[in-house]
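Student: I have a new structure to look at, and I'd like to learn how to read it. Could you walk me through it feature by feature?

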Amino acid sequence: MSENTDALAPREEETDVHFEPVIKLTEQVDTKTLEEDEDVLFKMRAKLFRFDAESAEWKERGTGDVRLLSHKETKKVRVVMRRDKTLKVCANHVITSDMRLQPNIGSDRSWVWKVAADYSEAPPTAETLAIRFANADNAGQFKVAFEEAQATNAALVTGAPAPEKEAEAEAEVKKEESKEEAPSNDAEAATDADKKD
């Protein structure tokens with residue numbers, strides 16, 4: 001058998017195969033992420049690592065947007081990070097006051113901290129996490145937001161007002177004190193009349 005290698009030679013007819021779907025999917029399914037009741041306080045792209053104690057090395061957990069989310073009712077702040085394409089959760093834990101952001105050795109754009117219970121995997125596990133940002137400025141912004149979230153959560157635990165609410169309360173008290181110190185014109189007139197008698 002000889003094959004026809006000529007490009008201009010007629011070929012067998014190509015068939016256009018088309019199959020109709022058995023079931024048509026017309027309705028949209030709402031996907032719940034359980035993040036609908038939360039406000040985003042901070043969002044930035046980063047790469048997350050976890051320390052594997054068995055092999056004594058850092059393993060990449062994922063790249064995506066790290067977010068600090070504040071619950072609308074309870075006001076608790078947590079860290080949530082999802083991988084870019086799969087949207088699988090690679091970090092999910094509440095920020096506690098005992099967490100310490102420490103600079104990673106040899107890098108000004110990454111931070112390391114320990115988590116007592118990270119809920120990104122089925123059983124919550126204690127993890128040592130590291131996060132790396134594109135530059136030192138982004139890392140600094142994350143640290144500021146993380147520490148503000150720690151203060152907010154600590155205030156919720158102790159029952160004290162959150163830092164911004166505390167400042168508002170202090171301003172309100174000062175207003176009331178200044179009103180009490182400055183007597184009204186009627187009171188001044190009454191005290192003047194008493195002095196004359």
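Student: Let's take the sheet. In what order do the strands of the open sheet lie?

Tutor: Bear in mind that this is a predicted model. As a general idea, strands of a sheet pair through backbone hydrogen bonds, either parallel or antiparallel. Here, seven strands form an open sheet in the order 4-3-2-1-7-6-5, and the pairing is antiparallel.

Student: Which strands are the edge strands?

Tutor: Strand 4 and strand 5, the latter covering residues 102–103; each of them pairs on one side only. Strand 5 is joined to strand 6 by two bridges, in the antiparallel sense. In one of these places, Pro103 has Trp111 of strand 6 as its bridge partner.

Student: And how does strand 6 connect to strand 7?

Tutor: Through a hairpin with six residues between the two strands. Strand 6 spans residues 110–118, and seven bridges hold it against strand 7 in antiparallel fashion. To find your place there, look for Val115, which sits opposite Glu127 of strand 7.

Student: Which sense does the pairing of strand 1 and strand 7 have?

Tutor: Antiparallel, over four bridges, with strand 1 at residues 38–52 and strand 7 at residues 125–132. Arg50 faces Leu129 of strand 7 in that pairing.

Student: What else is there besides the seven strands?

Tutor: Three helices. If you follow the chain from the N terminus, the elements read β-β-β-β-β-β-β-α-α-α.

Student: Now the inside. Which residues touch the most other members of the largest nonpolar core?

Tutor: Val66, Trp113, Ile131, Phe133 and Phe142, out of 25 residues in that core. At least two residues each come from strands 1, 2, 3, 4, 6 and 7 and from helix 1, which covers 136–158. Helix 1 is the top contributor to this core, with five residues.

Student: What does Val66 touch?

Tutor: Leaving out residues up to four places away in sequence, its list includes Phe42, Met44, Ala46, Val79, Met81, Ile131, Phe133 and Phe142.

Student: What about nonpolar residues on the surface? Which ones form a patch?

Tutor: Val22, Ile23 and Leu25 do, with about 440 Å² of accessible area together. Val22 belongs to the segment before strand 1. Its relative accessible area is 84%, so Val22 is exposed.

Student: Next, salt bridges. How many are there?

Tutor: The general idea is that side chains of opposite charge can pair when their charged atoms come close. In this structure the count is nine salt bridges. One of them links Arg45 and Asp84, whose closest N and O atoms are 2.6 Å apart. Arg45 is in strand 1 and Asp84 in the loop between strand 3 and strand 4, so this pair ties together parts 39 residues apart in sequence. Arg45 is partly exposed at 45% relative accessible area, and Asp84 is partly exposed at 36%.

Student: Which residues are linked in a network of salt bridges?

Tutor: Arg61, Asp118, Glu121 and Glu127. Between Arg61 and Asp118, the closest N and O atoms are 2.9 Å apart. Because Arg61 lies in strand 2 and Asp118 in strand 6, that pair ties together parts 57 residues apart in sequence. Arg61 also meets Glu121 in a salt bridge, at 3.9 Å from N to O. Glu121 lies in the loop between strand 6 and strand 7, so this pair with Arg61 of strand 2 joins parts 60 residues apart in sequence.

Student: Which of those three are buried, and which partly exposed?

Tutor: Arg61 is buried at 5% relative accessible area, and Asp118 is buried at 0%. Glu121 is partly exposed at 41%.

How values were computed:
Residues are numbered from 1 along each chain as its sequence is written. This is a predicted model: local features need pLDDT of at least 70, side-chain atom pairs count only at pLDDT 80 or more; totals for chains, interfaces and linings use all residues. Side-chain values use heavy atoms; hydrogens and water are left out. Two strands pair if DSSP finds at least two bridges between them. A nonpolar core is a set of buried Ala, Val, Leu, Ile, Met, Phe, Trp, Tyr and Cys residues joined through side-chain atoms within 4.5 Å. Buried means under 20% relative accessible area, exposed over 50%, partly exposed in between (1.4 Å probe, protein chains only). Contact means heavy atoms within 4.5 Å. Patches are made of residues with over 30% relative accessible area and no salt bridge: like charges are joined within 9 Å, nonpolar side chains (Val, Leu, Ile, Met, Phe, Trp, Tyr) within 5 Å. Accessible areas come from the Shrake-Rupley method with a 1.4 Å probe; for residues, only the protein chains shown count as cover. A salt bridge is a side-chain nitrogen of Lys or Arg within 4 Å of a carboxyl oxygen of Asp or Glu.
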